[in-house]
Amino acid sequence: MIEYIRGELTEITPAMAVVEAAGVGYGLNISLNTFSAIQGKKEVKLYVHEALVTGGRDDSFTLFGFASKQERELYRLLITVPGVGGNTARMIISSVAPPELANIISSGNERALKSVKGIGLKTAQRIIVDLRDKIVALGIQSEVPAGGGSLVNVNNEVRDEAVSALTMLGFSPAPTAKVVTAILREQPDLPVEQVVKLALKQIK
């Protein structure tokens, strides 16, 4: 299984990125959010979701690339919902930034989901019913303040690594993500190990 690909960004369109790593060019389907995040960069790191598409005359192996683990996690959750395929999931995460999407689902905002092209009321309701509890449990909605408003940029890579480390130590993901995000908003340049040490003092 491919966890991520790090290498030179040799080609990019709003729907596809080609990353060369160890002499191999990997074509990855991307969302508009990831396109915006990596556009103009020479070296990139994309988290990978592998999909085997069966049916028809030929089976195809497709790679999807995401700028953050949070976006990949949301994509993987979306494709578990009946009626939401890979392209629909990519359309959803292209239309709404990952933290905002997580907040929309966790708060049960059907109207906001319906505003995405191709998403009707029944699909929006199914997404909320199937994923609300999972998103809350994972804590990935906690980056968005309840009252909305602009966010201070948080280093997603450091955040994800810190939350992962603390989760492996036995802490619950939701409060852990909240504490880590708050720490990085106040001190955005902290390395992972310092974030973990501070979080250990604050998590209840």
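Q: Why are H2 and H3 called oblique to each other?

A: This is a predicted model, and in it H2 and helix H3 (residues 86-95) pack at an angle of about 135°, with their axes 9 Å apart. Roughly perpendicular covers 65 to 115 degrees and roughly antiparallel begins over 145, so H2 and H3 come out as oblique. As for handedness, H2 passes H3 in a right-handed crossing.

Q: What makes the contact between H2 and H3?

A: On the H2 side it's Glu 71, Tyr 75 and Leu 78, and on the H3 side Gly 86, Ala 89, Arg 90, Ile 92 and Ile 93. Take Tyr 75 and Ala 89: they're 14 residues apart along the chain, yet their C-alpha atoms are separated by 6.0 Å.

Q: How do you know that Tyr 75 counts as buried?

A: Buried means under 20% relative accessible area. Tyr 75 has 2% relative accessibility, so it counts as buried. Leaving aside neighbours within four places in sequence, Tyr 75 is in contact with His 49, Phe 64, Phe 66, Gly 86, Ala 89, Arg 90 and Ile 93.

Q: And what makes Phe 64 count as buried?

A: Same test: the cut-off is 20%, and Phe 64 sits at 7% relative accessibility, so it counts as buried too.

Q: Why is the pair of Phe 66 and Tyr 75 called tilted?

A: Ring centres must lie within 6.5 Å to pair, and planes under 30 degrees apart would be stacked, over 60 edge-to-face. Phe 66 and Tyr 75 have centres 5.1 Å apart and planes at 45°, so the pair is tilted. Phe 66 is buried, and so is Tyr 75.

Q: How many aromatic pairs are there by this rule?

A: The count comes to 3. One of them is Phe 64 with Tyr 75, also tilted, at 5.1 Å centre to centre and 35° between the planes. That pair links distant parts of the chain: Phe 64 belongs to strand S5 (residues 60-66) and Tyr 75 to helix H2 (residues 69-78), 11 residues apart. Ring pairs link Phe 64, Phe 66 and Tyr 75 into a cluster.

Q: What makes the charged end of Lys 45 count as sitting over the ring of Tyr 4?

A: The distance part of the test asks for NZ of Lys within 6 Å of the ring centre. For Lys 45 the charged end is 4.2 Å from the centre of the Tyr 4 ring, and it does sit over that ring.

How values were computed
Residues are numbered from 1 along each chain as its sequence is written. This is a predicted model: local features need pLDDT of at least 70, side-chain atom pairs count only at pLDDT 80 or more; totals for chains, interfaces and linings use all residues. Side-chain values use heavy atoms; hydrogens and water are left out. Rings of Phe, Tyr and Trp (its six-membered ring) pair if their centres lie within 6.5 Å; planes under 30 degrees apart count as stacked, over 60 as edge-to-face and the rest as tilted. Helices (H or I, at least four residues) and strands (E, at least two) are DSSP runs, numbered from the N terminus. Buried means under 20% relative accessible area, exposed over 50%, partly exposed in between (1.4 Å probe, protein chains only). A charge sits over a ring if NZ of Lys or CZ of Arg is within 6 Å of the ring centre and within 35 degrees of the ring normal. Contact means heavy atoms within 4.5 Å. Axes are lines fitted to C-alpha atoms, for helices over the stretch in contact, and angles run from 0 to 180 degrees between N-to-C directions. Angles under 35 degrees count as roughly parallel, over 145 as roughly antiparallel, 65 to 115 as roughly perpendicular and the rest as oblique. A crossing is left-handed if the near helix is turned anticlockwise from the far one by less than a right angle, and right-handed if clockwise.
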